Each structure stands twice: as structure tokens, then as C-alpha cells.
Amino acid sequence: MKFYAIKSPSVQKIVTSWLECEKLTHGVKGCLFKSFATREDAESWLSGVSETHGEGLRIYVDGSFTPDFDRAGWAFIAVENDKQIGAENGVTDLPAESRNIDGELTA
């Protein structure tokens with residue numbers, strides 16, 4: 001069973017069917033909704049509690065590109081046990097052949 005958490009200007013609700021979720025969200029401006037495996041996770045999302053990723057090392061990378069500049073921008077952040085342990089950003093040394101992907105690979 002899935003749990004659908006719904007946030008809108010007028011509703012904060014958890015439902016257990018996609019049909020009910022769709023009925024409450026379709027066409028509603030400013031409405032957010034998300035499915036969860038447990039009611040507890042849905043309730044946490046509604047109350048604004050973010051997920052934690054637990055222990056271990058995670059590295060996030062991103063690249064950007066604009067046609068006005070032939071190089072790609074890049075950045076990374078390294079997180080271990082939910083603490084930042086490193087971060088850096090810059091511009092590729094060579095012209096970007098694959099647009100933002102060059103930046104992501106450099107990161």
C-alpha cells in the first residue's frame with residue numbers, strides 16, 4: 001500500500017489511493033504531493049521533516065553551461081555521516097564539447 005501526502009493552500013492530507021490523490025490535486029494551483037511507503041514518512045514530509053541519508057560518504061556533482069561562454073561550470077560537495085567534508089567549484093580547462101556534462105564529469 002502507498003500513502004500519498006498532499007500539501008496545498010487549503011489541504012494537508014494523507015490518502016491511500018492514487019484516484020483520491022488525483023481528485024484532490026488535479027488542477028489545484030500551488031499543490032504538492034508525493035507517495036511514500038509508510039504513513040510515518042508521509043507524516044514527516046507533511047510536517048516538514050526532511051529525510052536523512054544515514055551514515056556513509058555521498059558526493060553530489062553538478063555542471064552548468066551557457067552558449068555565451070565556451071567552458072562549463074562545475075561544483076561538487078562531499079558529505080560523510082551528514083557532515084560536509086569538502087566542496088569545490090570552478091570552470092573546465094578546455095572548451096565544453098558536451099555542454100553541462102563536461103562540468104559534471106570534471107566535478
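## Rings and a glycine

Lys7 sits over the face of Trp45, 4.5 Å from the ring centre (a charge counts as over a ring if NZ of Lys or CZ of Arg is within 6 Å of the centre and within 35 degrees of the ring normal). Keep in mind that this is a predicted model: local features need pLDDT of at least 70, side-chain atom pairs count only at pLDDT 80 or more, and totals for chains, interfaces and linings use all residues. Residues are numbered from 1 along each chain as its sequence is written, and side-chain values use heavy atoms, with hydrogens and water left out.

**Aromatic pairs**

- Rings of Phe, Tyr and Trp (its six-membered ring) pair if their centres lie within 6.5 Å; planes under 30 degrees apart are stacked, over 60 edge-to-face, and the rest tilted.
- That rule gives 3 aromatic pairs.
- One of them is Trp18 with Phe33, a tilted pair at 5.9 Å centre to centre and 50 degrees between the planes.
- Phe36 and Trp45 also make a tilted pair, with 5.9 Å between centres and 45 degrees between planes.
- Both Phe36 and Trp45 are buried (under 20% relative accessible area; exposed is over 50%, partly exposed in between, with a 1.4 Å probe and protein chains only).
- Tyr4, Trp18 and Phe33 form one aromatic cluster.

**Around Gly56**

- Gly56 is partly exposed, at 28% relative accessibility.
- Leaving out residues up to four places away in sequence, Gly56 touches Val79, Glu80 and Asn81 (contact means heavy atoms within 4.5 Å).
- Gly56 and Glu80 are 24 residues apart in sequence, yet 5.4 Å apart C-alpha to C-alpha.
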